[in-house]
Amino acid sequence: MACVLWAVRRRAPCVKLVAVQLMRPNKCTAVTDKRNLHALQNTTLHSQVRRLSAPVRMPEINMDNLDEKQVQLLAEMCILIDENDKKIGADSKKNCHLNSNIDKGLLHRAFSVFLFNSDDKLLLQQRSDAKITFPGCFTNTCCSHPLHTPIELEEKDAMGVRKAAQRRLEAELGIPVDQVPPEEMTYLTRIHYKAQSDGIWGEHEIDYILFMQKDVVLNPDPNEIQSHCYVSKEELKEILEKAKKKELKVTPWFSLIAETFLFKWWDHLHDLKQFIDHNRIHRM
């Protein structure tokens, strides 16, 4: 298994989310008129939406020891969702990855790309030590978030998520966008998981699983990726065994997907239609 090692900058920690408490009507309020009750319910609902959509005031986090480029990315606006993947607002990547917020329920939309070459080998990356969440961990080809922009909010056929994947494949791995058109990505299913990276940062996502088979040109950004390699099923199993022995680190979402679904999907790489499930969210 040939891997390419890249120079990195400084080590980085991870980010958390802040949940917002919903407004509820006062239980002591007497409402006898049904129209008044209906109006109160509508007012409460609108208040909930406004508060969920509003930026959350965050405590100061010392980021002096974090990579400057990665810190700049923390200002990106992620898509806030409920547990059924319904959009409820937007918040910064920083707020979405703070454990203090995650513990309160803040949840955002994400994706994981699995890119295979013509030899049916899977492209893995090792996250750079500059990354704020899970630095130095091996993981699938590309993992990131659609942003709260009109293009990446498009929900029909998960096209917004696919376009976000195309953007990040170029940003992280240097793959030309014309080599990874969204229409050629197979959207399989969604996975809901939560994991802490350290005492400050973590992940809480509903993760769209995207498969693609294509021979591509690679020019990785060393600030994002410190090494990459194509692996066979047997080689990946060796990596996962080493991770269990703590000889190397694997991201928690990749480990979960590999242990539950990946090899079954991989066995049917040329016939994935039977595994497409857009209705269910797998809770992991």
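Okay, some ground rules. Residues are numbered from 1 along each chain as its sequence is written, and side-chain values use heavy atoms, with hydrogens and water left out. As the model is a prediction, local features need pLDDT of at least 70 and side-chain atom pairs count only at pLDDT 80 or more, while totals for chains, interfaces and linings use all residues.

Let's start with the rings. A pair of aromatic rings is described by the distance of the centres and the angle of the planes. Here, rings of Phe, Tyr and Trp (its six-membered ring) pair if their centres lie within 6.5 Å; planes under 30 degrees apart are stacked, over 60 edge-to-face, and the rest tilted. That rule gives ten aromatic pairs. One of them is F263 with W266, a stacked pair with 6.0 Å between centres and 10° between planes.

Where do F263 and W266 sit? They are three residues apart in helix α6, residues 252–267, so about one helical turn separates them. Helices, by the way, are DSSP runs of H or I with at least four residues, strands are runs of E with at least two, and both are numbered from the N terminus.

Buried or exposed? Buried means under 20% relative accessible area, exposed over 50%, and partly exposed in between, using a 1.4 Å probe and protein chains only. F263 comes out buried at 18%, and W266 is buried at 3%. Both also belong to an aromatic cluster whose members include F114, F211 and W265. And F263 has a charge over its face: K237, 5.2 Å from the ring centre. To count, NZ of Lys or CZ of Arg must be within 6 Å of the ring centre and within 35 degrees of the ring normal.

Now, salt bridges. Side chains of opposite charge can pair when their charged atoms come close. The cut-off is a side-chain nitrogen of Lys or Arg within 4 Å of a carboxyl oxygen of Asp or Glu, and the structure has 13 of these bridges.

Take R109 and D85, which meet at 3.0 Å, N to O. R109 is in strand β4 (108–116) and D85 is in the loop between β2 (77–81) and β3 (87–92), so the bridge ties together parts 24 residues apart in sequence. R109 is buried, at 2%, and D85 is too, at 4%.

Next, R168 and E224, with closest N and O atoms 3.3 Å apart. R168 lies in helix α4 (159–173) and E224 in the loop between β9 (202–213) and β10 (225–231), so this pair links parts 56 residues apart. Both residues are buried.

Then there's E241 with K244, at 3.7 Å between the closest N and O atoms. These two sit about one turn apart in helix α5, residues 233–244. E241 is partly exposed, at 40%, whereas K244 is exposed, at 57%.

Last stop: α5 itself. Which of its residues are buried? They are E235, L236, I239 and L240. The buried residues pack against β5 (122–127), β10 and α6, where contact means heavy atoms within 4.5 Å. After α5 comes K246, with a positive phi near 60°.
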